[in-house]
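Here are my comments on the model, as numbered points.

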Amino acid sequence: MIRTRGLTKDFVVSRTETVHAVRGIDLDVAPGELVAVLGPNGAGKTTTMRMLTTLIRPTAGTATVAGAEITTDPAAVRRSIGYVGQGNGAGHVQRAADEIVAQGRIYGLDARTARRRADDLLDALDLRPLARRKVSDLSGGQRRRLDVALGLVHAPRLLFLDEPSTGLDPQTRANLWDHILRLRAERDMTIVLTTHYLDEADTMAERVVVVDHGRVIADDTADGLKRTLAGDRLVLEVAGDDGRPADVGSAAARLAELVARVPGARDVTVDRSAVSARVADAPATVPGVVVAASAAGITVATAQAIRPTLDDVFLALTGRSLRDEGAPPDSTGADPAADPTATDPQTRKDAA
């Protein structure tokens with residue numbers, strides 16, 4: 001469904017400065033896959049999405065989307081895709097329901113089908129009470145739900161979701177994903193998602209692609225990335241002979257030596273009475289370590305086997321936490337002035 005080779009985008013900010021937003025991305029997405037793209041703000045995720053949706057032209061490289069080349073046949077690409085960008089795409093003076101119907105008509109639906117699809121989406125995304133209100137009168141979260149409806153109304157073969165649930169409350173997020181996943185199952189829809197909600201990527205995506213500094217630095221299932229790049233965390237708490245700090249510290253140090261002998265153990269640390277380490281399979285490691293500790297006269301008071309998260313993966317790859325990347329939603333890694341689509345509220349309607 002998507003194939004890119006060496007996809008690159010540079011933004012010329014001034015005569016002396018060029019921002020290399022995307023630096024040669026190779027990516028393959030099979031029909032029916034749900035692929036999550038993770039990375040810090042400025043990593044090039046949104047710029048890549050805008051190239052794949054034909055909103056900006058690549059500086060170099062090639063890409064085919066839904067069987068069409070993005071630079072030579074952008075109209076064919078646009079007929080096959082839905083796009084929910086980070087900016088609001090609805091006209092501010094139009095009524096919410098009318099915008100959904102108009103979007104369906106633009107994509108070639110007859111009036112009856114467009115109205116039926118709009119009614120379904122109004123209910124699914126809890127927009128029914130807002131159907132006759134002007135877009136300018138909607139809150140940020142309400143506009144976000146309307147943007148998602150615009151991207152889904154024509155039931156596209158391929159759906160791009162760029163931070164779709166930003167600003168939504170938990171219940172609306174859950175309703176949104178219920179509808180998206182149901183539509184995906186019904187129509188075998190392919191989805192490419194960027195998100196900072198790691199639970200979305202972890203629980204819904206078959207593959208997770210990690211992008212940093214405009215390059216793909218990891219591509220695997222969520223479980224595969226966590227297993228190979230992060231590993232389980234083993235946390236053991238010891239008790240001293242008399243509970244005295246010196247006894248506890250000595251026991252912890254000796255336990256750390258035992259843990260370090262576990263095949264594949266790394267990052268072994270001691271914090272007062274606690275010993276922590278990364279291991280391949282923490283649940284399977286606990287019994288052997290506890291038995292070895294007991295034989296050495298060390299009492300293990302508690303043992304925890306903690307499964308890694310995607311944030312642990314990102315930390316292992318880049319040295320920083322994805323959860324700490326709290327930049328504004330429109331951050332793309334390029335100066336907005338250099339990318340006219342970055343703040344254009346009509347982007348999706350123009351694409352349609």
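1. Buried means under 20% relative accessible area, exposed over 50%, and partly exposed in between. Asp28, at 34% relative accessibility, therefore counts as partly exposed. Arg5 falls in the partly exposed class as well, with 29%. Please keep in mind that this is a predicted model.

2. Asp28 and Arg5 form a salt bridge through their side chains, with an N to O distance of 2.9 Å. Asp28 belongs to strand 2 (residues 17–29) and Arg5 to strand 1 (residues 2–14), so the pair ties together parts that are 23 residues apart in sequence. A network of salt bridges links Arg3, Arg5 and Asp28. The count of salt bridges comes to 18.

3. A second pair joins Arg307 to Asp232, and their closest N and O atoms are 2.4 Å apart. Arg307 sits in the loop between strand 14 (299–306) and helix 11 (310–318), while Asp232 is in strand 11 (residues 232–239); the pair therefore ties together parts that are 75 residues apart in sequence. Arg307 is exposed, with a relative accessible area of 51%, whereas Asp232 is buried at 3% relative accessibility.

4. The salt bridge between the side chains of Arg272 and Asp271 has an N to O distance of 3.7 Å. Arg272 and Asp271 are both exposed.

5. Which residues touch the most other members of the largest nonpolar core? They are Ile100, Leu152, Leu161, Ile191 and Leu310, in a core of 50 residues. Helix 5 (residues 140–152) supplies the largest share of this core, with five residues. Apart from this core lies another, of 31 residues, including Val35, Ala43, Leu55 and Val65. In soluble globular proteins, nonpolar side chains tend to be buried together.

6. Leaving aside neighbours within four places in sequence, Ile191 is in contact with Glu33, Leu34, Val35, Leu159, Leu161, Ile180 and Arg184.

7. Helix 5 is mostly covered, with twelve of its 13 residues buried. Among the buried residues of helix 5 are Arg143, Arg144, Arg145 and Asp147, together with Leu146, Val148, Leu150 and Leu152.

Technical notes: Residues numbered from 1 in each chain as written. Predicted model: local features only at pLDDT ≥ 70, side-chain atom pairs only at ≥ 80, totals over all residues. Heavy atoms only, no water. Core = buried A, V, L, I, M, F, W, Y, C linked by side-chain atoms within 4.5 Å. Buried < 20%, exposed > 50% of the residue type's maximum accessible area, 1.4 Å probe, protein only. Helix = DSSP H or I, 4+ residues; strand = E, 2+ residues; numbered from the N terminus. Contact = heavy atoms within 4.5 Å. Salt bridge = Lys/Arg side-chain N within 4 Å of Asp/Glu carboxyl O.
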